[in-house]
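Me: I would like to know how the labels used for this model are decided. Please set each value against its definition.

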Amino acid sequence: LGRKIVHYHQIDSTNKEAKKLAASGEKEGTIVISEEQLAGRGRLGRTWISPAGTGIWMSVILRPSIAPTDASKITLLAGLAVCEGIKEATGLPVQIKWPNDLVLHNKKICGILTEMSAEMEKINYIILGIGINVNTDSFPEDLKNTATSLKIEGEKEYDRKEIVKAILMYLEQYYELYMKNQDMEDLLEKYKNHCLTLGKEVKIIHRNEEFIGKAVDLSKEGELMVEKQDGQVITVFSGEVSVRGL
Ligand code: BTN
């Protein structure tokens, strides 16, 4: 991964650009990275604030030969790889909030937006969009309580290149491991060690119903297993999970 890096000073969205490239045949492993995004995209149609020179805004093109239904596993292993990469490069105690937000001292420092194109039960490409607040000094009022940066928490500037390098190393390693074994067992064990959600009370929206429960484990497929107040355990594939008190 990252043998070819397309670097921009300014772009609307690296995910959008990576999709364009992938659709016109760009090889697996190519990365689009920009100093600034004018229309950075988050999950659930949200915008992602991506000011110039302060963060890592990048998208990785993947072409895994797995079923589209297994794409969420790529998202999970990406969350794990980014978590370990940031930890290694900065020494900061970053954690994963299931499925793939990264938090530091209970505030979000990184989000991952996976976009897939698939046809006839086969994946054409997956775009892994990774946004990390690295040297951001401050956030708008409405994000202050929930978002932070490595610089704010670590009280120093960090070298973005070092972080990207460390992330790509883990990402390549974990991606290859998963593609070889098509099995998440070892990766999920690692994931659990970094996961802040497990053991916590969570609020979940599941099948249009909102409830409180305890996140007790991850299934073999990486879904969150939640014990409801009546003792029933359900598995949640994705969606909005908020950890209570955070
Ligand atoms: C989230 O909502 O948590 C996901 C945020 C993903 C942001 C990244 S920044 C690089 C890439 N390009 C985009 O437009 N979005 C992703």
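Reply: Start with Gly231, which is in the loop between β10 (224-228) and β11 (233-236). The model is predicted: local features need pLDDT of at least 70, side-chain atom pairs count only at pLDDT 80 or more, and totals for chains, interfaces and linings use all residues. Residues are numbered from 1 along each chain as its sequence is written. Helices (H or I, at least four residues) and strands (E, at least two) are DSSP runs, numbered from the N terminus.

Me: What makes Lys165 partly exposed?

Reply: Lys165 belongs to helix α4. Lys165 has 14 other C-beta atoms within 10 Å and is therefore partly exposed. The C-alpha atoms of Lys165 and Tyr125 are separated by 23 Å, and the two are 40 residues apart along the chain.

Me: Which residues of α2 and α4 meet?

Reply: Among them are Leu77, Ala81 and Ile86 in α2, and Ile163, Ala166 and Tyr170 in α4. Contact requires C-beta atoms, placed from the backbone, within 7 Å. The contact of α2 with α4 has 16 nonpolar, 2 polar and 4 charged residues. Ala, Val, Leu, Ile, Met, Phe, Trp, Tyr, Cys and Pro count as nonpolar, Asp, Glu, Lys and Arg as charged, and the others, Gly among them, as polar.

Me: What makes β3 and β7 a pair, and in which sense do they run?

Reply: Two strands pair if DSSP finds at least two bridges between them. β3 and β7 have 8 bridges and pair in the antiparallel sense. Val60 stands opposite Leu128 in β7. β6 and β7 are also antiparallel, over 10 bridges, with Ala118 opposite Ile123 in β7. The hairpin of β6 and β7 has 2 residues between the strands, and Met120 there takes a positive phi near 50°.

Me: Why is β7 called mostly covered?

Reply: In β7, 9 of its 12 residues are buried.

Me: What makes β1 and β4 edge strands?

Reply: The open sheet has 7 strands in the order β1-β2-β3-β7-β6-β5-β4, with mixed pairing. β1 (5-11) and β4 (95-97) each pair on one side only. From one strand to the next, the twist averages 20°.

Me: How many residues surround the ligand, and which are closest?

Reply: There are 21, and the closest are Ser13, Gly42, Gly111, Gly129 and Gly131. A residue is near a molecule if its C-beta atom, placed from the backbone, lies within 6 Å of it. The shell around the ligand has 6 nonpolar, 11 polar and 4 charged residues.

How values were computed:
Two residues are in contact if their C-beta atoms, placed from the backbone, lie within 7 Å. Axes are lines fitted to C-alpha atoms, for helices over the stretch in contact, and angles run from 0 to 180 degrees between N-to-C directions. A residue is buried if 20 or more other C-beta atoms lie within 10 Å of its own, exposed if 12 or fewer, and partly exposed in between; C-beta atoms are placed from the backbone.
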